[in-house]
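Trainee: I am new to this structure. Can we walk through it together?
Mentor: Gladly. Let us look first, then talk.

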Amino acid sequence: MNERQIDLEILRYDPETDEQPSFQTYRVPCQEDWVVLDAVNYIKDELDRTLSYRWSCHMAVCGSCGVMINGEPMLSCKAFVRDLPDSIRIEPLANFPIERDLVVVMDDFMGKLQSVTPYLVARDEKSIDDGEHHQTPAQLKKFKPYTLCINCTLCYAACPQYAHDENFVGPAALALAHRYNLDSRDVGRAARADVVASNAGIWECSFVGACSEVCPHEVDPAAAIQQAKIAATMDYFLGWLRPGREP
Amino acid sequence: MQVITTDVVIVGAGGAGLRAAIAIAEENSDLRVALLSKVYPMRSHTVAAEGGAAGVARDDDSLDNHFNDTVSGGDWLCDQDAVDLFVAEAPRELTRMEHWGCPWSRQPNGRVAVRPFGGMKVERTWYAADKTGFHMLHTLFQTSMKYPTIERYDEFYSTDLLVVDGHCRGVAAIEMRSGQLRLFSAKAVIIATGGAGRIFPFTTNGAIKTGDGMAMAYRAGVALKDMEFVQYHPTGLPGTGILITEGSRGEGGILVNKDGYRYLQDYGLGPPDPWPRKKAMELGPRDRLSQAFWHEHRKGRTIDTPHGDVVHLDLRHLGEQRIDERLPMVRDLAVSYVGVDPVYEPIPVRPVVHYTMGGIDTDIDARTSLAGLFAAGECACVSINGANRLGSNSLTELLVFGARAGRGAAELAVAETSDANETAILEQAKVAQDRVGRLFQSSGGGESIAGLRREMNTTMEAGAGIYRTDASLRESCTVMNDVRKRYAGIELEDKSNVYNTDLIQALELGAMVDVAGAVIVAALERKESRGSHQRLDHTERDDEAYLKHSLAHYVDGDDARIDYRDVVITRSPPGERVYGGEQK
Amino acid sequence: MSPRPYIRASSTTGWWLAQPRYVRYMAREVSCVFIGAYTAVVVVGLLRLAEGAAAWVDFVNALQTPASVAFHALALGFALYHTATWFNVTPKAMPMQLGEVQVPGGVIIGAHYAGWAMVSALLLFLVGA
């Protein structure tokens, strides 16, 4: 297997000793089928034990390892070195405060996720003995893409609106709300509207579409938000025509 | 030191931990739950499970069938009272998940769909495409956000249990963002920290599967049961060990050696036709399939690659449409990580460590021998999986026993009227402080965490792999004793406080060293072959001597002490495990 | 609480130059300026028409100056860019599913172009082209 010497330039920050972050470069002998995460693990194991970063599954499903690679938000476990040049700049995800090295503060995102009522609001209390709700494959397909979000927050790192205004609820949280709104078993759209159809929610989005471009699982949060805008607008006008109507 | 008082502490926020938390919140909205996890809940390794969760669904299926498949799949080491309870609760828990919004794949008529899975006589594996664990974890996590009484402590690494007067009254945990040790005082504690696959070098398991909770209970005097039983999943990608779900065989995928021959028919799993047939060939149990690979390798019939020997998993005959509909993630993983599109080429696969059947000794109510301590999920051993777990039983296990642990802990928390003596709690905390503090001190040892981890990995694969011998196990025992001694001399290179992952990795290595020791000694003592524990020097199953669970007891500074407990046999006496065409 | 999280400067005036996708976005957004300016020209044209033949002739002459032609070429370019980008995202805002089959995005986009062509043909017919 061929080896390639790659320079990894990593943004470091230790709040106890550093006034601000600074870059540190490591030269790593990379195998040709490696991902950036393999190179970073090599650095930690062989070169510098003080490097902190998040990772777990190494198969792009846990969402831990999001970082900026040459300015682009990516999962380090799915960024193949064969697609990258001999010099790779790695920074923590944009638009989040840096906790330490490549670890960002996730509090705002976790709060946004919670705020959109991200669980099924069922039409009625069904007993277990009554079995499952019926849902056809066609009904499932309607909301299926929006269930695939791994909460990696690459979309927040790519979104210029979130960069500009940290109150923006953001792509992943809004896509999750849309997932439930489209689920045939759910009646929670009204409950979610206060947050979702607000100025800090879908109306903050100007459809840059960067979120959908960087999403590793093609969740397409941009589409979710535009569809939510149409749905919210319809709710508004139909609300005029029939006050007290359930959306 | 700060003491946070709550009613129940749950360590681990994967499928079992979240299910337990929800069970408590639904049972009693006055009880406070502190849900601790060293990672954010959606990162828990439940997320990587792919194939499905088993629960009787079809009219032509029965609880008896699920019971028999599980007991024989476990080579009769399962406690049959626990299995009876498990199969009865399974469909109810899976239905409950559907009520919470889990996007189960469906039949055209709108009912939940089920797929065939290894070792199961009738289809009963509920699935959500090939990302079942992902969907279950996110459904549980999102549902948990309904309950304000569940307080999450994300990125807290628990180091020790706090035991007062023989009762487990809390945990000590490091708040990773500040490096500070925090004490949680509670009336009941549930451990749901997952398995320990990372003691091996090639594994489907993510970085976090380091047996932390198992080690915590073990050191506190709770036995680890059946540790010698480690499951190799037959189809992991070479190099990375990434899981290629059994569901791909459930949909009809076949395994061939370098001659394009479906070799499983040579190992009692044939005849190869008519295909597909339940419990035959590629739908046999995982231990048999992994063992077949080992034999093919010895015969020189596997395919050599830079990442070791492989066989081929061929899905081409399924066609692009079926693959995209039922196995989209499998296609993506194969294309990305080994450059193979399964629509056109077979996927190279090999057995990799996947699941720890063994774990914290619990009864069927998820209780341990330590009052106030419960355990559920992969970190626990009830045992419903026995000597070999059937695929898709463990996702269901998380729900059934997570719920039981939650309900048990809630009951205990209500009955226990007083909070623990804070002085006693602070006293207990000294052990945790020492464990962490020692790592910051100068030792002059010059040992490297990565180096010791590699030595452990190498000896576990060599000595305690798919096939074991007395000699190989004794060698591993010697190596691990040496590793344990040298671990004591580790000094951190990173002595900072904020998000210090050198510290966390050092603590994880400490847990793995303890757990690995238990695995080796238990394997040495079990002089028979059963399920996934195969000995080249004791090739037969010996029910007279070994129809028992092994119990490993922690001995500070020495090898584990093993004793045994009879398996609970109720209505299925040990028989022959029959797969392939001969089974009825 | 994070001891001392570091907040990086994120939104500067030149943020959109950092990535090609942001430049394309800004081009799409700025197209509205040109379309708005063109609309203003059309309104002025109507006013001149109302003022009589002489004013109208002056207006038409002004339209034919090199600067005006250059502006109109630019405005046309931006209008086409705006239309194309707008049509291309319609499948995202209004996805169509018939049974279990997703209507291909190309069909939805194509329908928009077809509609545009028909309206244009009708307009040209009406003005006697």
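Mentor: Start with one term: two strands pair if DSSP finds at least two bridges between them. Keep in mind that this is a predicted model.

Trainee: How many bridges join β1 of chain A to β2 of chain A?
Mentor: Strand β1 covers residues 3–12 of chain A, and strand β2 covers residues 22–31 of chain A. The two run antiparallel. Within this pairing, Ile10(A) stands opposite Gln24(A) of β2(A). The bridges that join β1 to β2 of chain A number 10.

Trainee: In which sense do β1(A) and β5 of chain A pair?
Mentor: Strand β5 spans residues 87–91 of chain A, and four bridges tie it to β1(A). The sense of the β1(A) and β5(A) pairing is parallel.

Trainee: How many helices and strands are there in chain A?
Mentor: Of the 247 residues in chain A, 54% are buried. Among contacts in chain A with a separation of 6 or more, 65% come from residues 24 or more positions apart. The count for chain A is nine helices and seven strands.

Trainee: Which element gives the most to the side of domain 1 of chain A that touches domain 2 of chain A?
Mentor: Chain A is divided into domain 1 (3–104) and domain 2 (107–241). Their contact takes 13 residues from domain 1 of chain A and 12 residues from domain 2 of chain A. On the domain 1 side, β3 (66–69) and β4 (72–75) of chain A each supply at least two residues. With three residues, the element that gives the most is β4(A).

Trainee: How many nonpolar residues are on that side of domain 1 of chain A?
Mentor: Sort the side of domain 1 of chain A that touches domain 2 of chain A by class. One residue is charged and three are polar. The nonpolar residues number nine.

Trainee: How many charged residues has the side of chain A that touches chain B?
Mentor: This contact takes 44 residues from chain A and 46 residues from chain B. On the chain A side, α1 (36–47), β6 (98–100) and α3 (137–143) of chain A each supply at least two residues. By class, that side has 16 nonpolar and 14 polar residues. Its charged residues number 14.

Trainee: Which element gives the most to the side of chain C that touches chain A?
Mentor: Here 19 residues of chain C are in contact with 27 residues of chain A. Two elements of chain C give two or more residues to that side: α1 (20–51) and α3 (66–93). By class, the chain C side has nine nonpolar, six polar and four charged residues. The element that gives the most, with three residues, is α1(C).

Trainee: How far apart do the C-alpha centres of domain 1 and domain 2 of chain C lie?
Mentor: Chain C is divided into domain 1 (15–93) and domain 2 (96–129). Four residues from domain 1 of chain C and five residues from domain 2 of chain C make the contact. The C-alpha centres of these two domains lie apart by 22 Å.

Trainee: Now chain B. Which element gives the most to the side of domain 1 of chain B that touches domain 3 of chain B?
Mentor: In the domain assignment, domain 1 of chain B has several segments, 3–49 + 67–104 + 136–231 + 355–426, and domain 3 of chain B is 428–542. In contact are 43 residues of domain 1 of chain B and 34 residues of domain 3 of chain B. The domain 1 side has 27 nonpolar, nine polar and seven charged residues. Six residues come from the element that gives the most, β8(B).

Trainee: Why do the buried residues of α12(B) line one face of the helix?
Mentor: Helix α12 of chain B has 15 residues, 449–463. Its buried residues include Ile449(B), Leu452(B), Arg453(B) and Met456(B). What covers the buried residues of α12(B) includes β21 (467–468), α13 (470–487) and α14 (501–525) of chain B. The buried residues of α12(B) line one face because, seen down the helix axis, they fall within an arc of 135°.

Technical notes
Residues numbered from 1 in each chain as written. Chains lettered and ligands numbered in written order. Predicted model: local features only at pLDDT ≥ 70, side-chain atom pairs only at ≥ 80, totals over all residues. Domains from an automatic or database assignment. Contact = placed C-beta atoms within 7 Å. Nonpolar A, V, L, I, M, F, W, Y, C, P; charged D, E, K, R; others polar. Expected span 1.5 Å × (residues − 1). Buried ≥ 20, exposed ≤ 12 C-beta atoms within 10 Å, placed from the backbone. Arc of directions from axis to C-beta.
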